[in-house]
Amino acid sequence: MSALLAVVVSLLTNLVTSSATGPVVVGFVIFVLALLVWDVFHASKGKSDEDDTTSLSSYVDRLIRDYSHWARNYVALNLVRVPTARVSAPGESAGSTLPPAEELMRHALFTDDTPGERRHDDTPVEALTCLIRRGSRRTLLVGGPGAGKTTVLERVLYEQVGLHQAKRGQPIPVLLRLRHLETSAWDLLRDTLHSQGLPLSSEDLRERLERDKFLLLLDGLNELPSASARTSLQNFLLTFDVPVIATTRDLTDQNLLPDADVYALLDFDRAAATTFTRARLGAAENDAFWNAATTTVDALSRIPLFLSMLCVIYRDRKEVPAQLSTTLRSFGSVYELQMKADLHIADPVRQWWSQALAALAHAMTWNGGSLDGRLTIQLDDAEEVVRGYLSGRAPAPDALAIQCIGALHKHHLLTKNGSELQFPHQVIQDYYAAEHLLRSLSDLNDDLLCADYLNLVKWSETLLFMAGIADDETTLRLATLAFDRVDPMLAARIAAVSGDATRRRVVELISAIPVEPDTQEFLNDGDGGVLWLSDGAYKGKLTLLVATRSSDAIPFILEAADARNLRSMF
């Protein structure tokens with residue numbers, strides 16, 4: 001077309017410049033040239049629009065194909081609205097370190113709103129319906145480890161794609177895994193779209209963002225790999241007022257979405273947990289599973305990720321572990337048996353893979369001693385970490401490191417994203433880091449343990465997992481150091497996953513905190529009375545006792561509140 005146009009333009013130009021050409025002919029030539037240019041322009045634009053529509057359809061089809069399994073396997077979860085204007089308890093930072101369930105209770109006890117007034121709608125709602133019909137442009141979904149945040153986000157993506165197909169005006173969902181934000185939020189968005197079949201120029205991408213053509217689903221604000229990544233995302237969200245649904249573990253990330261509606265993801269109730277296990281175990285084994293479940297397991301089974309692990313363990317061993325850390329240990333051993341049964345895996349790999357995986361998890365969380373851990377690692381770097389651990393312990397460490405990494409990837413304990421490796425879930429990384437730290441604990445004096453681990457937020461979940469598999473002597477050491485030198489709340493959380501001896505000791509330490517008797521006040525709301533506490537040490541002390549989840553704390557709590565309001569928490 002362009003060659004033909006050039007020939008025609010050349011002929012018409014010669015005609016116009018000819019001395020024999022009159023003004024009528026010149027006008028006609030100009031008219032013909034205008035028609036040609038108009039026709040070529042619209043032909044080119046039509047081809048561009050056609051390509052754009054094709055790319056968009058390909059992107060939508062890919063999302064439907066990749067996430068269609070959620071239409072069959074998704075078990076509904078519930079949310080509850082969390083008030084955004086919250087009050088910090090004494091000694092607590094503005095971003096709470098409490099798990100979501102304790103945070104909700106803490107707020108219910110210690111709010112400074114007028115008694116008797118309804119502060120917010122705290123009625124549980126179905127997660128998918130709430131997030132699809134959200135009333136705010138930006139929504140923050142808070143949930144603990146394994147609570148199902150990513151699952152809900154992927155289910156929202158699948159539902160939103162269907163809405164876009166039914167009505168083209170609906171925004172197109174884009175799921176961004178924030179653990180992969182290395183350079184900038186803009187680059188992550190552009191690269192994600194390109195990898196899923198929707199390559200856009202910078203101009204097209206900017207236009208679509210400004211016209212609300214995308215719904216951004218940001219998975220894991222707490223998984224941002226660095227302070228620079230966090231700043232990049234914050235600047236991006238300030239530049240583009242795009243609709244967002246984001247997930248995080250706790251409220252410390254709320255400042256990234258200051259105007260967002262905040263919801264806490266609730267645990268499975270028994271009915272949902274039973275539906276979940278029946279789909280994975282079958283009707284007959286489902287009944288046997290729940291008959292074998294203890295009270296502790298019943299509480300643990302309300303977390304989707306852990307319930308899934310329990311199903312894997314029960315299918316293999318016909319037994320149900322009693323604690324979270326032992327569940328993770330049993331889950332790992334099930335994979336170990338599968339790897340040992342693989343005839344293509346060499347004996348040295350079978351011997352060292354678990355310790356190699358733990359060393360890798362620890363190194364990723366350690367991340368050179370920085371404040372932030374890392375959730376992804378380059379393949380070469382991972383092999384270097386494992387090689388360093390095996391050196392002096394195993395023969396031929398270079399070859400063995402490569403074999404271990406390959407076997408771990410083959411059996412899904414490590415997953416690949418391009419040239420990067422990552423654990424399938426942050427919980428798995430935290431657990432294996434705990435196994436490595438427990439083996440190294442005897443080499444750490446109290447000062448190093450406090451400075452390098454207890455005092456850094458990134459190690460909190462790892463320390464809790466370690467406390468769950470450690471003996472009483474170790475957990476007493478951890479809890480006492482945390483209480484005396486770092487943070488009494490960390491000590492309380494360590495106690496909650498430890499044995500009775502550690503729980504009793506931490507409750508004794510908290511109970512010994514001096515409190516002025518006039519810092520408590522009871523108000524009557526006309527319906528039996530409610531506990532109303534003014535600011536002060538008493539409020540922080542009660543918060544700490546609740547966090548221990550210890551029956552030894554009940555006598556103190558009952559001195560302050562009506563037993564019917566708090567007894568069910570223990």
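**Ground rules.** Residues are numbered from 1 along each chain as its sequence is written, and side-chain values use heavy atoms, without hydrogens and water. As the model is predicted, local features need pLDDT of at least 70 and side-chain atom pairs count only at pLDDT 80 or more, while totals for chains, interfaces and linings use all residues.

**Aromatic pairs.** I looked up the ring pairs and found 8 aromatic pairs in the structure. Rings of Phe, Tyr and Trp (its six-membered ring) pair if their centres lie within 6.5 Å; planes under 30 degrees apart are stacked, over 60 edge-to-face, and the rest tilted.

I noted phenylalanine 289 and tyrosine 314 as an edge-to-face pair, with 5.6 Å centre to centre and 90 degrees between the planes. Phenylalanine 289 is in helix H11 (residues 283-292) and tyrosine 314 in helix H13 (residues 304-317), so I have a link between distant parts of the chain, 25 residues apart. Helices (H or I, at least four residues) and strands (E, at least two) are DSSP runs numbered from the N terminus. Both phenylalanine 289 and tyrosine 314 are buried. Buried means under 20% relative accessible area, exposed over 50%, and partly exposed in between (1.4 Å probe, protein chains only).

I then turned to tryptophan 366 and tyrosine 453, a tilted pair at 6.1 Å centre to centre with 40 degrees between the planes. The pair ties together parts 87 residues apart in sequence, because tryptophan 366 lies in helix H15 (residues 347-366) and tyrosine 453 in helix H19 (residues 446-454). Tryptophan 366 is partly exposed at 29% relative accessibility, and tyrosine 453 is buried at 5%.

I also found a cluster of Trp186, Phe236 and Phe240, linked by ring pairs.

**Charges over rings.** A charge sits over a ring if NZ of Lys or CZ of Arg is within 6 Å of the ring centre and within 35 degrees of the ring normal. Arginine 280 lies over the face of phenylalanine 276, 3.5 Å from the ring centre. Lysine 318 lies over the face of tyrosine 314, at 5.9 Å from the ring centre.

**Sheet.** I read an open sheet of 7 strands, with mixed pairing and the order E2-E1-E7-E3-E6-E5-E4. Two strands pair if DSSP finds at least two bridges between them. At the edges are strand E2 (125-126) and strand E4 (172-177), each pairing on one side only. Strand E3 (residues 138-142) and strand E6 (residues 244-248) pair in the parallel sense over 5 bridges. Valine 142 stands opposite threonine 248 in E6.
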